[in-house]
Structures are given as structure tokens and as C-alpha cells.
Amino acid sequence: MGLGGCIILIAAGAILTFATDWEMEGINLDLVGVIFMIVGLIGVTTFSSIARRRRVVVPPTTPVIDEHGHQPGH
């Protein structure tokens with residue numbers, strides 16, 4: 001699930017919790033909304049921690065050239 005899916009879960013959970021007053025037999029929609037929001041937040045934190053790890057960039061190494069214009073080892 002990507003970042004967009006997590007945001008949709010948070011939005012759907014907020015709508016179920018705060019913007020609806022539907023009553024369903026055997027299902028507490030407020031609780032379902034809170035669960036959606038929690039799962040969405042866990043997904044956002046997981047996604048951002050993975051994305052932060054991927055952004056680690058190793059700077060390119062520059063070749064060392066001696067004063068005669070030859071690279072070492074050649």
C-alpha cells in the first residue's frame with residue numbers, strides 16, 4: 001500500500017467517525033473509522049521511514065590522478 005492508499009484510509013476513517021450518523025446492526029462505524037485512521041497512520045509512518053532509508057545517497061568518488069596524468073593501477 002502506497003502513501004496515497006494510506007491517506008485514503010485516514011480520510012475514509014475520519015468520514016466514518018466524524019461525518020456520518022449511520023447505524024448498522026452489529027457494526028460500530030465510529031470504531032471502524034478509528035481503526036481505518038490508525039492503520040493509515042501506521043502506513044504513513046512505515047512508508048516515510050522506508051522512503052527516508054532509500055534517499056541515502058553515496059557521493060560519487062573522484063578518480064585520483066597523479067601529476068603525470070596517470071591513474072594509479074594503470
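This is a predicted model: local features need pLDDT of at least 70, side-chain atom pairs count only at pLDDT 80 or more; totals for chains, interfaces and linings use all residues.
Local features required a pLDDT of at least 70 and side-chain atom pairs a pLDDT of 80 or more, whereas totals for chains, interfaces and linings use all residues. Residues are numbered from 1 along each chain as its sequence is written, and side-chain values use heavy atoms, with hydrogens and water left out.

Two packed helices are described by the angle between their axes and the distance between the axes. The axes of helix α1 (residues 3-19) and helix α2 come within 7 Å and cross at roughly 155°. Helix α1 is therefore roughly antiparallel to α2 (angles over 145 degrees count as roughly antiparallel, under 35 as roughly parallel, 65 to 115 as roughly perpendicular and the rest as oblique). Helices are DSSP runs (H or I) of at least four residues, numbered from the N terminus.

Within helix α1 lies A12, which is partly exposed at a relative accessible area of 29%. Buried means under 20% relative accessible area, exposed over 50% and partly exposed in between (1.4 Å probe, protein chains only). A12 and F36 are 24 residues apart in sequence, and their C-alpha atoms are 7.1 Å apart in space. A19 also belongs to helix α1 and counts as exposed, at 61% relative accessibility. Between the C-alpha atoms of A19 and D30, 11 residues apart along the chain, the separation is 9.8 Å.

Helix α2 spans residues 29-54 and contains I38. With a relative accessible area of 47%, I38 is partly exposed.

Note on methods: Helices (H or I, at least four residues) and strands (E, at least two) are DSSP runs, numbered from the N terminus. Axes are lines fitted to C-alpha atoms, for helices over the stretch in contact, and angles run from 0 to 180 degrees between N-to-C directions.
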